[in-house]
Amino acid sequence: MSRLILKVAIDAPLRHLFDYLPHFNQPPPAPGCRVRVPFGRRGQVGLVVAHADHADVPDAQLRHIHEAIDDAPLFGAPLLELLRRAADYYHAPPGEVLVGTLPGLLRAGRPAREQVDWQWRLSDTAPAPDTLGRAPRQAELLRALAAGPQAQSALPVGSAAVLRTLLDKGWVVREPRDASTRQDPAPPAAPALTSAQRAAVEAVLAASGFGAFLLDGVTGSGKTEVYLSAIEAVLATGRQALVLVPEISLTPQTEARFRARFGQAVAVLHSGLPDGERLAAWLAARSGRARVLIGTRSAVFTPLPALGLIVVDEEHDASYKQQDGFRYHARDMAVLRARIEDVPVLLGSATPSLESLAHGRVGQYRTVHLRERAGSARLPRLELLDVRHQRMSGLVSPALAAAVREELVAGRQVMLFLNRRGYAPVLLCHACGWVPKCQRCDAHYTLHRTRQVLLCHHCGGERPLPPSCAECASGDLLPLGAGTERIEADITALFPEHTVLRVDRDSTRRRGALDAHLSAVRDGRADILVGTQMLAKGHHFPAVTLVGILDADQGLFAADFRASERLAQTIYQVAGRCGRGTQPGRVLIQTHQPQHPVLHALLQGGYGVFAQQLLKEREAAGWPPFTHLALLRAEAPGAQEALWFLGETLSLAAELGHAGVTLLGPVPAPMPKRAGRFRAQLLLQADRRAPLHALLRSWLPAVAQLPAARKVRWSLDVDPIDTY
Ligand code: ADP
Ligand code: ZN
Ligand code: ZN
């Protein structure tokens, strides 16, 4: 007898779907619907992925679902397909992908219904408020509504009961607050596109169905205007647009530009939102009420029934890669989604990733260039500052200090960049050489002087600043090296008559602090900005004319094969913050390695030429994008377990055979001990993806079965972006 089995994904670290029978007297839920199922002691919310006619478990183990939560699928077939392919490609537990990417409230079983936002208005029979002298609260509400419809939240607190009375009398009407009744202010006039911008927009709009475009445009070249213009055209045909941005909180200006242009058609989705707002944005996208969805990486998995275009801004940004749990790359998922939904995808960057450049080279992506800045702004000049033998004030050379002074005197702004927060990366006893180290990591504590603590940047552990040496009790403790806090102090001492503003994770921890800092810069209330990577992200500060990169050498000595690419991207992104107004910009890069080939190549040819050279090196060395990687990581409380476990997985792979895949390791991680656990890794490298994925498919289930797998924490990272 044929019967119906539901294949259900459950958010658990198990690599398979679970079989259930439908409810006795409910119609079977369709694929894409959530169900509540018996699972473990408390039951779980799962997602039906497919219907089948046979079960993978014996009949005695088959159970009925408790109930169906949704009567219609949460999303259409294309998104379900994307999620299924993503789980397959990343070899992730299906539940982690299909259920884990839903907004938290949906994972908890909350109905997927849009909350209606009610408003109140006067009916035709409402009396004049002045005739209600005996009912002052009723009169007050009628007066409040006389000006026009009001949201309940806009009416005086405690109005609910009075409103009900008025409703009973037929004097007021309650109705859904429809977006169309609210008026958006007229959008600002869009600038006339340059011919290069127009060509880019036309290329994207000319795509019939899928097409991947790389918008390779220098900083300030008007990429955002290209997105806005292409989206406008897509909306005009009744379709929706998805815009991915790296970290929305760092670039409130981008969100503001989209809102100014598209008003209430915009919904925003990122992990900083309260659960309710996240769900509301997700539902608005799904119902089609939101026409433009702007979001960080997980927004790529939001249902958009009329999707017409995907934009990935700053496509090179590392924050598109999820680094724990379901380790996906949102840019790659965006391209896959565009392919499945048969729509164009536009990847934009001033410093494209080598992956995207390689795709561009072989024609998989079509590259469109914006080689000049929009408007009257010019690209800044980059110069190396040889600081050898210089008498430094902290990390600032005399030449840099002089250049800073020159700009300040002219009333312009300066930005100093150092990718290290805190006061000093090391504290040292001058008497005996003792250095306080984190007990849980192979790392020194960073001194944070404002907070008077030692902080481990790897596990977050902190302890109070010791008054004296733990070894010899000397009080002579020296901070060694410099972070942004120290630069802030040094610069304030050098330019006491000017305002210095520090922008890093510590100075922007309070809610709203970053916005306050950014507007202080824009309003000219700060003369000198000192900051980390946070300052490099897409900001538009027209009065900044000088950027100082305090320590370029940091990036020259990193072990990771992506270090040069990252360094180049950082330098060009930071540099891109200056000279965006009417005054030209200048970028001074301090180094002790003025002859270093990487710095030379970077300055001579610009990012594009440099990147092509890096691609040649990657090809010669057999690194991505010319080979494909997967990294099996393991960690355990003991020093050896992770290595032993990986050793066993290596033997398993040997038994299975792994033609076409090289296994490197196992080796301890570059930082072996972190947060109290010892970490090790095994790298898989292959010239082609097919044999790599074939091996992973047969190997991982066997790995999961190893007795040692239960004693370690392990994870697989397909296309890892670092091996840290
Ligand atoms: P990007 O995204 O490439 O950094 P933006 O789109 O932010 O560049 O543009 C940089 C600046 O140039 C913005 O102030 C923008 O308003 C302006 N701009 C962009 N396109 C044009 C244009 N066609 N004409 C005049 N100004 C423009
Ligand atoms: Zn000492
Ligand atoms: Zn630590």
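Q569 sits in helix α15, which covers residues 563–575, where helices (H or I, at least four residues) and strands (E, at least two) are DSSP runs numbered from the N terminus. This is a predicted model, in which local features need pLDDT of at least 70 and side-chain atom pairs count only at pLDDT 80 or more, whereas totals for chains, interfaces and linings use all residues. Residues are numbered from 1 along each chain as its sequence is written, chains are lettered from A and ligands numbered from 1 in the order in which they are written, and side-chain values use heavy atoms, with hydrogens and water left out.

**Exercise 1.** Determine whether Q569 is buried or exposed, and list the residues with which Q569 is in contact beyond its neighbours within four places in sequence.

*Solution.* Begin with the accessibility classes: buried means under 20% relative accessible area, exposed over 50%, and partly exposed in between (1.4 Å probe, protein chains only). Q569 has a relative accessible area of 7% and is therefore buried. Next, apply the contact criterion, heavy atoms within 4.5 Å. With neighbours within four places in sequence left aside, Q569 is in contact with H316, T351, P352, S353 and Y607.

**Exercise 2.** Describe the site of the zinc ion (ligand 3), giving its protein donors and the arrangement of the donor atoms.

*Solution.* Donors are N, O and S atoms within 2.8 Å of the metal (3.2 Å for Na, K and Ca), and water is not among the atoms, so sites may look incomplete. Four donors count as tetrahedral if all angles lie between 85 and 135 degrees; because the four donor atoms here subtend angles of 105 to 113°, the arrangement is tetrahedral. Along the sequence, the donor residues are spaced C-x2-C-x14-C-x2-C. C438 lies in the loop between β19 (426–429) and β20 (446–448), and C459 in the loop between β21 (453–455) and β22 (462–464), so the pair ties together parts that are 21 residues apart in sequence. C438 is buried, with a relative accessible area of 5%, whereas C459, at 22%, counts as partly exposed.

**Exercise 3.** Carry out the corresponding analysis for the zinc ion (ligand 2).

*Solution.* The coordinating atoms are the SG atoms of C429, C432, C469 and C472, at 2.2 to 2.4 Å. Angles of 106 to 114° among the four donor atoms make the site tetrahedral, and along the chain the donors follow the spacing C-x2-C-x36-C-x2-C. Distant parts of the chain are linked by C432, in the loop between β19 and β20, and C469, in the loop between β22 and β23 (477–480), which are 37 residues apart. In terms of accessibility, C432 counts as partly exposed at 39%, while C469 is buried at 4%.

**Exercise 4.** Identify the residues with the most contacts inside the largest nonpolar core, and the helix that supplies the largest share of this core.

*Solution.* A nonpolar core is a set of buried Ala, Val, Leu, Ile, Met, Phe, Trp, Tyr and Cys residues joined through side-chain atoms within 4.5 Å. The largest has 123 residues, and those with the most contacts inside it are L684 and W699. Helix α16 (residues 597–621) supplies the largest share of this core, nine residues. Another core, of 30 residues, lies apart from it and includes A203, Y227, V292 and V311. Beyond residues up to four places away in sequence, W699 touches L632, T649, L652, A653, L656, L682 and L684.

How values were computed:
Tetrahedral: all angles 85-135°; square planar, octahedral: opposite > 155°, others 65-115°.
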